Amino acid sequence: MFPYILNEMPRLFSVRSIVTSIDIVHPRDFYYAGEMHNFWEAVYVMDGKASVSADERVYTLTNGQLIFHKPMEFHRIWSADGTAPHILIISFDAEGDGIKAFENKIFFLDMQEEEHLVNIIRNSSAFLEMAAGKDKCTGQYTYLAHTTAIMIESLLLELLRN
């Protein structure tokens, strides 16, 4: 017998499902009264300014800023300073102790991280479109689901590292 050792690879978190994937430009007078749900939501400002609330805290986000809303956190969003903000939103369910590092956090994404997020939005939108149809039993559906989960996990790891 060979003296091989199987070294366990601990994981900080695992993305289990995707709920929404949104790429939208809101009008200058946009106001969303808010919501609360049992999964994570990441809101990124591509352009313009958006104010967001997270429970009692209020922030004004500008180009390149990403905020995470933890499960069961009441949050709202509205246009700020007369801009029509371009917003990306991805909501997902994740497990693992490492995901807690994103609670109450705002990040500034560099160009590479922004491109990564844009690709996640594209992939997750395609996945959600397939999920809503009759393509769930295909290998393409499984491949897209796995790829999208890994892409989200990869971005989360990049943000933690930086």
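Predicted model: local features only at pLDDT ≥ 70, side-chain atom pairs only at ≥ 80, totals over all residues.
1. Start with one pair of residues. Val43 has Ile67 as its bridge partner, and Ile67 lies in strand E6.

2. Strand E3 covers residues 40–47, and strand E6 covers residues 65–69. They pair in the antiparallel sense. The pairing runs over 4 bridges.

3. Helix H1 comes next. H1 spans residues 111–132 and packs on the sheet. It touches E1, E3, E6, E9 and strand E8, which covers 86–95. The direction of H1 makes about 100 degrees with that of E1.

4. Helix H2 also has a place here. H2 spans residues 139–161 and packs on the sheet, where it touches E1, E6, E8 and E9. Its direction makes about 85 degrees with that of E1.

5. What is the order of the strands in this open sheet of 5 strands? Read across, the order is E1-E8-E3-E6-E9. The pairing is antiparallel. E1 (14–25) and E9 (106–108) stand at the edges. Each has a single partner strand, so one side of each is left without a neighbour in the sheet. On average, neighbouring strands of this sheet are turned by 20 degrees against each other, direction ignored.

6. There is also an open sheet of 4 strands. Its order is E2-E7-E4-E5, again with antiparallel pairing. Which strands stand at the edges? They are E2 (31–35) and E5 (57–61). Each of these has a single partner strand, so one side of each lacks a neighbour in the sheet. Neighbouring strands here are turned by 15 degrees against each other on average, direction ignored.

7. E2 pairs with strand E7 (residues 75–79) in the antiparallel sense, over 3 bridges. Tyr31 has a bridge partner in E7, and that partner is Trp78.

8. Now step back to the whole protein. It has 2 helices and 9 strands. Along the sequence, the pattern reads β-β-β-β-β-β-β-β-β-α-α. Among contacts between residues at least 6 apart in sequence, 79% join residues at least 24 apart.

9. Overall dimensions can be read from the C-alpha atoms. They fill a box of roughly 70 × 35 × 30 Å, taken along the principal axes. The protein has 162 residues, and 41% of them count as buried. Its accessible surface comes to about 9,600 Å². Carbon and sulfur atoms account for 56% of that surface.

10. On the surface, look for a nonpolar patch. Leu12, Leu157 and Leu160 form it, with about 240 Å² of accessible area together. Leu157 sits in helix H2.

11. Tyr143 is another residue of helix H2. Is Tyr143 buried or exposed? It is exposed, because its relative accessible area is 54% and the cut-off for exposed is over 50%.

How values were computed
Residues numbered from 1 in each chain as written. Heavy atoms only, no water. Pairing = 2+ DSSP bridges. Axes fitted to C-alpha atoms, helices over the stretch in contact; angles between N-to-C directions. Contact = heavy atoms within 4.5 Å. Patch = residues over 30% accessible without salt bridge, like charges linked within 9 Å, V, L, I, M, F, W, Y side chains within 5 Å. Areas by Shrake-Rupley, 256 points an atom, 1.4 Å probe, with all protein chains shown as cover. Salt bridge = Lys/Arg side-chain N within 4 Å of Asp/Glu carboxyl O. Buried < 20%, exposed > 50% of the residue type's maximum accessible area, 1.4 Å probe, protein only.
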